[in-house]
Amino acid sequence: MNILSENGDDYSASDVCRLIVPAEAAGRRLDQALAALLPQHSRNRLQSWIKAGRVRVDGVARDEPKWKVLGGECLLVEAVEDERSGEQAPEDIPLQVIYEDGCLLVIDKPAGLVVHPGSGNWSGTLLNALLHHAPQLSAVPRAGIVHRLDKDTSGLLVVAKTPEAQTHLVRQLQARTVKRLYLAVVMGVIEREGKVEAPIGRHPAQRTKMAVVAGGKPAVTRYRVLERLGHCTLIECALETGRTHQIRVHLASIKHPLLGDPVYGRASSNVPKFGRQALHAARLGLIHPLTGAAMSWQSPLPGDLQHLLETLRGA
């Protein structure tokens with residue numbers, strides 16, 4: 001089973017990416033439309049997928065990159081990982097292992113560590129570290145990674161050590177039974193707990209960003225206030241879905257972006273500067289794939305976030 005998510009969401013058991021051609025793309029070549037929808041891939045790669053019959057337009061395989069789209073078509077793209085992904089090598093990178101048995105591995109990921117190799121980060125990733133820590137993971141798709149954290153988000157991440165455990169965890173994620181709680185420092189004062197239920201998709205103009213868009217995937221984030229800190233608020237966020245940049249996009253959409261977020265945040269002279277988005281995956285809960293037991297783990301705030309809170313409290 002190849003577990004692949006082209007948009008960076010939690011991984012699913014499917015390797016097919018579903019896209020809708022926007023109306024404004026009417027009259028463009030198929031490869032051009034795909035390039036706008038999948039900016040992380042080169043035009044040459046997309047053209048090779050089309051020629052190989054890996055792109056279906058409304059259910060029909062189209063093998064001509066110059067085929068013109070009308071807008072509104074449903075594209076099914078059977079994505080293939082970059083050839084360099086086959087060269088993934090073990091690297092002796094220190095890991096903070098919170099829990100490990102024959103099925104699972106729970107990691108406390110530091111900020112700055114990329115989870116999976118990709119453009120510009122072909123080495124020095126969590127995947128490379130996992131292959132060194134547990135060489136048997138080379139037999140598991142994506143070295144057992146079933147969900148991801150952004151490079152500059154710290155905290156807990158679970159890895160499956162067998163294909164069977166991976167399938168079980170993917171199904172738990174799809175059923176929304178994996179419990180993930182994050183601590184976040186946001187800009188502005190939040191008065192009470194709340195919920196953001198808004199679809200997330202590619203930003204219509206800035207294709208490397210995500211945004212709340214009408215045609216996006218359903219996404220739900222719940223939050224509650226833990227502490228008000230002058231011009232900022234410490235909150236706890238619970239994910240019901242796992243979309244790309246979900247917490248960052250949802251909180252920015254309600255005018256409370258994460259402090260330090262270089263993509264969705266904003267500058268302010270009223271708050272201290274922080275070198276990354278102030279987001280930490282603090283708690284993780286799931287059902288053990290083999291025993292069926294409910295398990296949970298916690299991760300304390302890393303030093304940089306602790307120092308940030310001390311600074312805000314003293315302001």
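Visitor: What should I know before I start reading?
Guide: It's a predicted model, where local features need pLDDT of at least 70, side-chain atom pairs count only at pLDDT 80 or more, and totals for chains, interfaces and linings use all residues. Residues are numbered from 1 along each chain as its sequence is written, and side-chain values use heavy atoms, with hydrogens and water left out.

Visitor: Which domains is the protein divided into?
Guide: Domain bounds come from an automatic or database domain assignment. Here you get domain 1 (17-78), domain 2 (83-175) and domain 3 (178-314).

Visitor: How many residues of domain 2 and domain 3 are in contact?
Guide: Contact means heavy atoms within 4.5 Å. On that basis, 23 residues of domain 2 touch 23 residues of domain 3.

Visitor: What area is buried between domain 2 and domain 3?
Guide: Buried area is the accessible area (1.4 Å probe) that two parts lose on being put together, summed over both. For this pair it comes to about 1900 Å², with carbon and sulfur atoms giving 64%. Of the area that domain 2 buries against domain 3, 26% is down to Ser-154, Leu-156 and Gln-172, more than any other three residues.

Visitor: How many salt bridges does the rule find across the interface of domain 2 and domain 3?
Guide: Look for a side-chain nitrogen of Lys or Arg within 4 Å of a carboxyl oxygen of Asp or Glu. The rule finds 1 between domain 2 and domain 3. Asp-150 also pairs up with Arg-248 in a salt bridge, their closest N and O atoms being 2.9 Å apart.
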